[in-house]
Structure formats: structure tokens, C-alpha cells
Amino acid sequence: MFTESVQVSCSPSGVPLRISWDGCDYRLIAEPQRWFERRKWWDENLRIPRGIGAGLVDYEIWRLEITPATSRGPMRSVDVSFDPQSTRWRLIRVNQEMPIGA
């Protein structure tokens with residue numbers, strides 16, 4: 001697991017539609033999957049004022065199946081997360097790369 005800033009375009013309801021990463025634009029080739037993971041808040045130096053912790057203890061993860069938008073290239077599975085405090089998207093995992101047609 002790592003973290004790298006990416007740009008994600010979303011639908012009005014907040015579902016990822018496209019991603020820009022490492023100088024390339026990617027389109028989704030499957031319905032994105034969403035789940036929540038618990039932050040390791042005990043390891044972080046993050047103080048949250050009482051009453052506003054909802055959404056900060058758990059964070060939302062989206063698994064995106066992507067391929068380059070303008071050329072043929074490998075399909076990839078990546079996980080991204082949106083940080084509501086910084087309002088930035090982060091790439092946190094690159095799961096696999098598969099050749100087209102696999």
C-alpha cells in the first residue's frame with residue numbers, strides 16, 4: 001500500500017467515472033466497487049474534535065478497473081480513496097495489470 005495524488009472525475013452522486021494518474025487519462029471498464037476501511041487512528045497524530053468524527057475514523061475506498069482512455073494498453077485494477085479534509089483523491093493500491101483480452 002502506498003499513497004499518490006490522482007485526479008478523479010465523478011458523477012453528480014460521487015461515483016468515480018475517470019481517473020488521471022501518472023500523466024495518463026484512464027476510463028473505467030467495470031462498475032466501481034466501494035467499501036470502508038478503518039483508519040489506524042491510534043498510529044496517527046490526528047486529533048478530531050468531539051462530535052465530528054463521522055467519516056474520519058473510517059475512510060471510503062473505491063476499486064476501479066481502468067484502461068487508458070486514448071490508446072490500447074493494459075487493464076489495471078486500482079484502489080483510490082477520497083480525503084474529505086484535504087478534498088483530494090489518493091491512489092492507495094495498484095492491484096493487478098492484465099493484457100487486453102485476458
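# Strands, core and contacts

From the N terminus on, the elements of the protein run β-β-β-β-β-β-β. This is a predicted model: local features need pLDDT of at least 70, side-chain atom pairs count only at pLDDT 80 or more, and totals for chains, interfaces and linings use all residues. Residues are numbered from 1 along each chain as its sequence is written, and side-chain values use heavy atoms, with hydrogens and water left out.

Q: How many helices and strands does the protein have?
A: Both kinds of element are DSSP runs, numbered from the N terminus: helices are H or I over at least four residues, strands are E over at least two. By that count the protein has zero helices and seven strands.

Q: What share of the residues in the protein is buried?
A: Buried means under 20% relative accessible area, exposed means over 50%, and partly exposed lies in between (1.4 Å probe, protein chains only). The protein has 102 residues, and the buried share is 27%.

Q: Which residue of β2 is the bridge partner of C10?
A: Two strands pair if DSSP finds at least two bridges between them. Strands β1 (residues 4-10) and β2 (residues 16-21) run antiparallel and are joined by four bridges. The partner of C10 in β2 is P16.

Q: Which residue in the turn between β1 and β2 has a positive phi?
A: β1 and β2 form a hairpin, with five residues between them. The positive phi, about 95°, belongs to G14.

Q: Which residue in β5 does Y26 stand opposite?
A: β3 and β5 are also joined, by three bridges, and run antiparallel. In β5, the residue opposite Y26 is P68.

Q: Which residues have the most contacts inside the largest nonpolar core?
A: A nonpolar core is a set of buried Ala, Val, Leu, Ile, Met, Phe, Trp, Tyr and Cys residues joined through side-chain atoms within 4.5 Å. In soluble globular proteins, nonpolar side chains tend to be buried together. The largest core here has 13 residues, and those with the most contacts inside it are V6, I19, W21, L64, I66 and V80.

Q: Which strand supplies the largest share of this core?
A: At least two core residues come from each of β1, β2, β3 (24-28), β5 (58-68), β6 (75-83) and β7 (88-98). The largest share is three residues, and it comes from β5.

Q: Which residues does I19 touch, not counting residues up to four places away in sequence?
A: Contact means heavy atoms within 4.5 Å. I19 is one of the residues with the most contacts inside the core. Its list of partners is V6, Q7, V8, C24, D25, Y26, L64, I66 and V80.

Q: Why are W21 and Y26 a tilted pair?
A: Rings of Phe, Tyr and Trp (its six-membered ring) pair if their centres lie within 6.5 Å; planes under 30 degrees apart count as stacked, over 60 as edge-to-face and the rest as tilted. A search of the whole structure finds two aromatic pairs. The centres of the W21 and Y26 rings are 5.8 Å apart, and the pair is tilted because the planes are at 40°.

Q: What is the angle between the planes of F82 and W89?
A: F82 is partly exposed, at a relative accessible area of 29%. W89 is buried, at 11%. Their rings form a tilted pair, 5.3 Å centre to centre, and the angle between the planes is 55°.

Q: Is D79 buried or exposed?
A: D79 has its place in strand β6. Its relative accessibility is 0%, so D79 counts as buried.

Q: With the side chain of which residue does D79 make a polar contact of 2.7 Å?
A: A polar contact is a pair of N or O atoms within 3.5 Å; within protein, one must be able to donate a hydrogen and the other to accept it, and residues adjacent in sequence count only if both atoms are side-chain atoms. The contact at 2.7 Å is with the side chain of R63.

Q: What is the relative accessibility of D22?
A: D22 lies in the loop between β2 and β3. D22 is not a glycine, yet has a positive phi of about 55°. D22 counts as exposed, with a relative accessibility of 65%.

Q: What is the relative accessible area of T87?
A: T87 sits in the loop between β6 and β7. T87 is not a glycine either, yet has a positive phi of about 55°. T87 is exposed, with a relative accessible area of 57%.
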